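Here is a short briefing on one protein model. Look over the sequence and the fold, then read the notes below.

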Amino acid sequence: MVDIPLRCWCGTLAGVARDVSPDEGFRFVCYCTDCQAFARFLERPELLDDAGGTDIVQLPAGRVRFTQGLDVLGCVRFSEKVFRWYATCCRTPVANTAPRFPVIALLRPVMGPVTRDAALGPPRCRIYEASASGPLPASAPPPATARLIARRGYKLVQWRLRGLHRPNPFFDARTGRPRAEPTLRDPL
């Protein structure tokens, strides 16, 4: 297991994802329209692969901690389900979260210099490929299988039972409210 430094592009927001390994995280590529809208909102098309995919790793919330810059967190939503977090200082995408869901989905740009495949393993699957903006790259991971989804569900239960679902650095521990007021945007 390794610790992965977390940092926005300008260095104002910083932290760490602790005890990360391919077995303790769940890496995938998401082609949903909301992930694509997030890149457009941030004016960062280079965040997506050639087909509009976003490289994501899900970790238990309790493994992610910020040591500075929480005041620069911004939050946007393109649907009722997912909060998309970014550093307002330099528009670095940080993570996706969902209310009452014990997982943080860290986005590639916030992870410090780390060989992702070595620290996190290769992406296990792809999701929402029907929303891809172009042909999937030859290197795209396979579609999610029922077995893989069951394995992910098992991990979520394990994380909760081990108490790793708390604290969540994106929500106030006392009130449960998001640290930044989410704005609702049209995904188009």
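In β5, Val 16 finds its bridge partner in Arg 65. That pair belongs to four bridges that join β2 to strand β5 (residues 64-68), and the two strands run antiparallel. The model is predicted: local features need pLDDT of at least 70, side-chain atom pairs count only at pLDDT 80 or more, and totals for chains, interfaces and linings use all residues. Residues are numbered from 1 along each chain as its sequence is written, and side-chain values use heavy atoms, with hydrogens and water left out.

- Strands (E, at least two residues) and helices (H or I, at least four) are DSSP runs, numbered from the N terminus.
- Two strands pair if DSSP finds at least two bridges between them.
- Strand β1 (residues 2-7) is joined to β2 by five bridges, and the two run antiparallel.
- Arg 7 stands opposite Ala 14 in β2.
- β1 and β2 form a hairpin with six residues between them. In the turn, Gly 11 has a positive phi of about 90 degrees.
- β2 is largely enclosed by the rest of the structure, because five of its seven residues are buried. Buried means under 20% relative accessible area, exposed means over 50%, and partly exposed lies in between (1.4 Å probe, protein chains only).

**After β2**

- Ser 21 sits in the loop between β2 and β3.
- Ser 21 is buried, with a relative accessible area of 13%.
- Ser 21 touches Met 1 and Ala 119, leaving aside residues up to four places away in sequence. Contact means heavy atoms within 4.5 Å.

**Nonpolar cores**

- A nonpolar core is a set of buried Ala, Val, Leu, Ile, Met, Phe, Trp, Tyr and Cys residues joined through side-chain atoms within 4.5 Å.
- The largest nonpolar core has 29 residues. Leu 6, Leu 13, Trp 85, Val 94, Leu 106, Met 111 and Phe 170 touch the most other members.
- Strand β7 (residues 83-87) gives the most to this core, with three residues.
- Another core, of 19 residues, lies apart from it; among its members are Phe 26, Phe 78, Tyr 86 and Ala 105.
- Leu 6 has contacts that include Leu 13, Val 16, Val 64, Phe 66, Leu 106 and Met 111, not counting residues up to four places away in sequence.

**Helix α1**

- Helix α1 (residues 33-41) is mostly covered, with seven of its nine residues buried.
- The buried residues of α1 are Asp 34, Cys 35, Gln 36, Ala 37, Phe 38, Ala 39 and Phe 41.
- Their cover includes β3 (26-30), β4 (54-60), β6 (73-77), β7, β8 (92-97) and β9 (103-107).
- Glu 43 follows α1 and has a positive phi, near 55 degrees.

**Backbone points to check**

- Which peptide bond is cis? The bond from Arg 166 to Pro 167 is, with omega near -10 degrees.
- Pro 167 is in the loop between α3 (146-161) and β11 (183-184).
- Asp 19 has a positive phi, near 55 degrees, in a residue other than glycine. Asp 19 is in strand β2 (residues 14-20).
- Is Asp 19 buried or partly exposed? Asp 19 counts as partly exposed, at 33% relative accessibility.
- Tyr 128 is not a glycine either, yet its phi is positive at about 55 degrees. Tyr 128 lies in the loop between β10 (125-127) and α3.
- Tyr 128 counts as exposed, at 54% relative accessibility.
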